[in-house]
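Here's a quick tour for anyone meeting this structure for the first time. Have a look at it, then read on.

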Amino acid sequence: MSDLRDLYQEVILDHGKAPRNFGHPAGANRTAHGHNAMCGDTIDVFLTVDDEGRIADAAFQGQGCAISVASASMMTEMLKGKTQADAHHLFETMHALCTGHEDEADLADLDEDTADRMQILAGVKQYPMRVKCATLAWHTMDKAMNDKAKEDLSV
Amino acid sequence: MTLATIDPIHRARRTNGFDVERVREDFPILARKVHGKPLVYLDSAASAQKPRAVIDAMSRFYEEDYANIHRGVHFLSQRATDAFEAARAKVARFLNAAKADEIIFTRNATESINLVAQSWGRKNLGPGDEIVLTELEHHANIVPWQMLRAEKGFEIKVAPIDDTGQIRLDAMAKLIGPRTRLVAVSHMSNALGTILPVREIVRMAHANDALVLIDGCQAAVHKQIDVQALDADFYAFSAHKLYGPTGIGVLYGKYALLDAMPPYQGGGDMIDRVTFARTTFKEPPHRFEAGTPAITEAIGLAAAIDYLAELGPSLVADHEDDVLAYATEKLTAIDGLTIHGTAAEKGAILSFTIAGAHAHDVATILDQQGVAVRAGHHCAHPLMDRLGVTATARASFALYSTRAEADALADAIGTVKRIFKL
């Protein structure tokens, strides 16, 4: 029960129940679709990257468990104002934390609030079958950034 | 600690001489703990636990009688061949098949269905032909037909269910016509527990000269199967859901049908005579069993059938019905919980959702109380779409399940509601 409270913390329940930035903004210019075949969770991530390469807006749509919805919701809040390099760093940090590779996670550059939220989401590492729930949104965001980056390079 | 020490009512519980507490002692794994809690295993529809009789029969076979079959003239090969063929005969009696040669050993029920699709289907289905499935089907009884359709160009019709999860026979009757070559249906839904009126379905199909394949994965565990009384043309099930080992399944087929079917895979053990110019094939069932089969697993399956026969299938069925009815009552009383699948004819499966808590969160929280359930789409995406859900939690009961375990499930759901403040 106490372990479960570590995973299902207030902030997770809150974001899971009332996700922020839920929708498809008209100005989004980078998107990707992600799904987890094992459990049927689906997500679409919509990013609006401005001329200076910063993420002006981040949103998502989809369905899934509390962990996956909360992770997506919290991610969109963390992304706003970040550069592509920042976003990729956040993805790698999140991935390392959730898969039990804390030593590879570099939290030093992150503000305290972001680092705290990532640690809360990383509580999922105690539940190996659920890690993909927490990381789905992040993989999808990274895909959205990278696919577009490749297109940009080819221009 | 056994479950009996949690709930004294459970120890006293007897269903007409079926002593579940004694039966539980036959299953070594049920004594273990999970996350420090007694295991409450409610995932038998995914795979059942194994009684010591099965585990021992397989160990004994490896220790005393093991060799390859149908090959050697030596003593052990003869022993192993006899045991393997005796297992086939036992499966034939279990299904009340007319003869042992109507029983083909496969890897699992999925392979059994693929065998019918790739052998009978490839030979007999083409443009203008139709097959009829139902909305309840497991992916194993959908995807093999879609793969063949892509090559052969026949049509797949899907019979709808009503809101209780039962097939709508009137609607199905309209789909079965002169173009129908095959009706492929679940005997019991793995996701909802619905038991389909397969005898009626066979009648409707045969009236239109269509064959019937029955996916009996769940039904073979909970019901006594008589393929002759059902007049089924093909019947498939897996040993691992029937308290037997993984790696072996069964396809029953009427002998005349099997005899007219081409081989499914080529290799050793299925041939009559091989030259580089041409090869002739053995009679059924060997024609369909290329290569060394799951020999020890066949011995294990036979032991599982013996074990069930000793317990008494009707006593087992009564016990499972009792636990299902009790669990249904307990879960129905939980506010915000919806049971999916409320057909009058149901086997020991309870699929449910809780408003405000996703099935995966439910399953994780239950697991922490030692309660193992399946959560997800149950390999039945079309059915989930029909129900308008993405996932359900599913508690499935077996001969070793108890009322106390249904109580443990209800209590653990209470924890879900507390954590999610529902």
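## The sheet in chain B

Chain B has an open sheet of 7 strands, ordered E4-E10-E9-E8-E7-E5-E6, with mixed pairing. Strands here are DSSP runs of E with at least two residues, helices are runs of H or I with at least four, and both are numbered from the N terminus. Two strands pair if DSSP finds at least two bridges between them.

At the edges of the sheet in chain B stand E4 (103-106) and E6 (155-159), each with a single partner strand, so one side of each has no neighbour in the sheet. On average, neighbouring strands are turned by 20° against each other, direction ignored. (Axes are lines fitted to C-alpha atoms, for helices over the stretch in contact; angles run from 0 to 180 degrees between N-to-C directions.)

## A note on the model

This is a predicted model: local features need pLDDT of at least 70 and side-chain atom pairs count only at pLDDT 80 or more, while totals for chains, interfaces and linings use all residues. Residues are numbered from 1 along each chain as its sequence is written, and chains are lettered from A and ligands numbered from 1 in the order in which they are written.

## Inside the sheet, and across it

Strands E7 (residues 180-186) and E8 (residues 211-215) of chain B run parallel, joined by 5 bridges. B:Ala184 sits opposite B:Leu213 of E8(B).

Helix H5 of chain B (residues 109-124) lies across E4, E7, E8, E9 (234-238) and E10 (249-253), at about 35° to E10(B).

## Where the chains touch

The contact takes 16 residues from chain A and 13 residues from chain B; residues are in contact if their C-beta atoms, placed from the backbone, lie within 7 Å. H14(B) gives the most to chain B's side, with 5 residues.

Conventions: Contact = placed C-beta atoms within 7 Å.
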